[in-house]
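Work through the exercises below with the structure in view. Try each task before reading its solution.

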Amino acid sequence: MKYISTRGQAPALNFEEVLLAGLASDGGLYVPEQLPVFTQEEIASWAGLSYAELAFKIISPFVNDCISDADLKVMIDETYAGFNHSAVAPLKELGTNEWVLELFHGPTLAFKDFALQLLGRLMDHVLEKRGEHLVIMGATSGDTGSAAIEGCRHSKHVDIFILHPHNRVSEVQRRQMTTILADNVFNISLEGNFDDCQEMVKASFADQGFLKGMKLGAVNSINWARIMAQIVYYFSASLAVGGPHRTVAFSVPTGNFGDIFAGYLAKQMGLPISQLVVATNRNDILHRAIAGNDMSKSQLVHTLSPSMDIMVSSNFERMLFDIYDRDGAAISDLMNRFRTESVSLDPARWEKVRELFDSFAVDDDATCQTIADVHAETGYLLDPHTAIGVKAARECIRDKAVPMITLATAHPVKFPDAVIKAELTAPALPTHLTDLFEREERLTVLENDLSAVQKFISEHVHPE
Ligand SMILES: N[C@@H](CCOP(=O)(O)O)C(=O)O
């Protein structure tokens with residue numbers, strides 16, 4: 001399997017190279033040259049497999065011959081053995097044909113663990129084999145950071161620098177990152193917003209001179225391996241409700257468009273998905289782009305669902321690459337214009353986007369109302385991001401006979417403010433985090449300045 005850049009100017013890479021490369025050298029994102037497509041019979045034959053066995057079926061064609069099947073199996077088994085639920089990604093029924101897919105049973109209580117627990121192992125395996133060291137830069141609006149740190153903290157081949165927006169993540173999210181005191185873990189609290197953090201990561205890929213020859217890697221969903229691992233739970237959820245002989249719909253709370261893009265790929269790979277709902281908060285550029293062909297950036301606002309406080313959604317580019325018939329030059333032009341101006345797609349292309357996705361934006365009041373309503377109806381406590389997904393699902397559902405599955409992206413314990421605003425009691429921290437508020441924190445606050453960040457990294461990195 002080869003991977004190509006959405007901007008058409010970077011060399012095609014194999015899986016191992018793409019895993020370590022992160023962003024493509026032309027500023028684009030890597031995607032598989034061709035997707036594996038599974039028949040309905042093949043998918044049906046996977047019913048009854050464990051989550052790890054299913055993950056192996058779906059992931060192995062992407063890894064191809066870069067990693068042996070035996071090694072890949074071990075890494076996948078270890079990854080999902082570390083989850084705190086026997087089903088790994090269990091479904092909970094809220095009502096008739098209304099489900100939530102709990103993706104928060106990993107170590108950091110968010111869906112990011114599904115990919116980042118595996119990514120850490122894959123990177124370590126490949127770096128060990130190559131005898132190489134990687135400097136990782138990641139941007140987080142709250143959840144990616146702790147999951148990436150958790151995935152890399154034990155690696156002797158990696159130094160990891162995570163940038164989060166100062167005072168713009170929940171306290172639990174911040175402490176999950178800053179209380180990991182490993183020598184190779186660095187938390188930068190940036191006096192800016194998530195887009196500033198993400199832009200610094202991308203700019204650092206474009207000019208890696210500050211690393212004096214060391215290699216830069218990515219843990220955000222710009223790294224293809226993140227998306228790859230997230231495809232699996234769409235299959236597992238579908239199989240659990242009678243797929244593939246029954247179509248399913250998904251509602252996905254999303255900021256960087258990575259999780260919903262994984263659902264889009266699952267559909268391209270043969271999974272019968274009749275509807276994909278993009279659920280956003282007040283930072284609603286994705287909703288405006290899908291519903292109104294308006295890709296204009298507005299002021300990023302801080303919400304009760306901070307993980308989705310994103311205006312520049314990286315993975316939208318991967319989807320647009322398909323919409324523009326994989327024309328790298330067209331995407332390069334579009335994305336360059338998007339940096340400085342409002343853009344819209346040509347009408348025929350936008351029509352294709354509208355056929356693929358529905359969308360809905362939910363403000364903080366409606367988020368809290370949904371948390372309260374669902375709790376009153378079912379006794380089930382949603383986190384604010386999942387509440388946005390459920391609300392969007394209820395607003396956008398096309399066919400009530402089709403199971404609608406909302407991705408429960410994080411555990412409510414990470415967002416007590418939203419739960420309290422919904423006039424409910426915030427849940428207690430799980431056992432492995434009970435002393436989180438007593439633990440020592442380590443972080444560095446830096447001004448919103450690329451050279452200050454790069455200087456900090458070059459001074460703290462452990463040379464090979
Ligand atoms: N929502 C994310 C932001 C980064 O997105 P990613 O999927 O590209 O890592 C977060 O919580 O950090």
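**Exercise 1. Find which residues touch the most other members of the largest nonpolar core, then follow one of them.**

Solution. The model is predicted. Its largest nonpolar core has 147 residues. Tyr30, Leu101, Ile136, Ile160 and Phe250 touch the most other members. Now take phenylalanine 250 and set aside its neighbours within four places in sequence. Its remaining contacts are Tyr234, Gly263, Ile273, Leu276, Val277, Ile405 and Leu407.

**Exercise 2. Work out the strand order of the open sheet, and say which strands lie at its edges.**

Solution. Start with the order: the five strands run β8-β5-β6-β7-β13, with parallel pairing. Then look for strands that pair on one side only. These are β8 (215–218) and β13 (444–446), the edge strands. From one strand to the next, the twist averages 30 degrees.

Zoom in on one pair. Strands β6 (residues 158–165) and β7 (residues 185–190) are joined by six bridges. Phenylalanine 161 stands opposite phenylalanine 186 in β7.

Residues 194–206 form α8, which lies across β5 (134–139), β6, β7 and β8. Against β5, helix α8 runs at about 150 degrees.

**Exercise 3. Describe the shell around the ligand by residue, class and helix.**

Solution. Count the shell: 13 residues surround the ligand. The closest are Thr140, Asp143, Thr144, Asn220 and Ser221. Sort by class: twelve are polar, one is charged and none is nonpolar. Last, trace the source. Helix α6 (residues 143–152) supplies the largest share, three residues.

Key. Residues are numbered from 1 along each chain as its sequence is written. This is a predicted model: local features need pLDDT of at least 70, side-chain atom pairs count only at pLDDT 80 or more; totals for chains, interfaces and linings use all residues. Two strands pair if DSSP finds at least two bridges between them. Helices (H or I, at least four residues) and strands (E, at least two) are DSSP runs, numbered from the N terminus. Axes are lines fitted to C-alpha atoms, for helices over the stretch in contact, and angles run from 0 to 180 degrees between N-to-C directions. Two residues are in contact if their C-beta atoms, placed from the backbone, lie within 7 Å. A residue is near a molecule or strand if its C-beta atom, placed from the backbone, lies within 6 Å of it. Ala, Val, Leu, Ile, Met, Phe, Trp, Tyr, Cys and Pro count as nonpolar, Asp, Glu, Lys and Arg as charged, and the others, Gly among them, as polar. A nonpolar core is a set of buried Ala, Val, Leu, Ile, Met, Phe, Trp, Tyr and Cys residues joined through C-beta atoms within 7 Å. A residue is buried if 20 or more other C-beta atoms lie within 10 Å of its own, exposed if 12 or fewer, and partly exposed in between; C-beta atoms are placed from the backbone.
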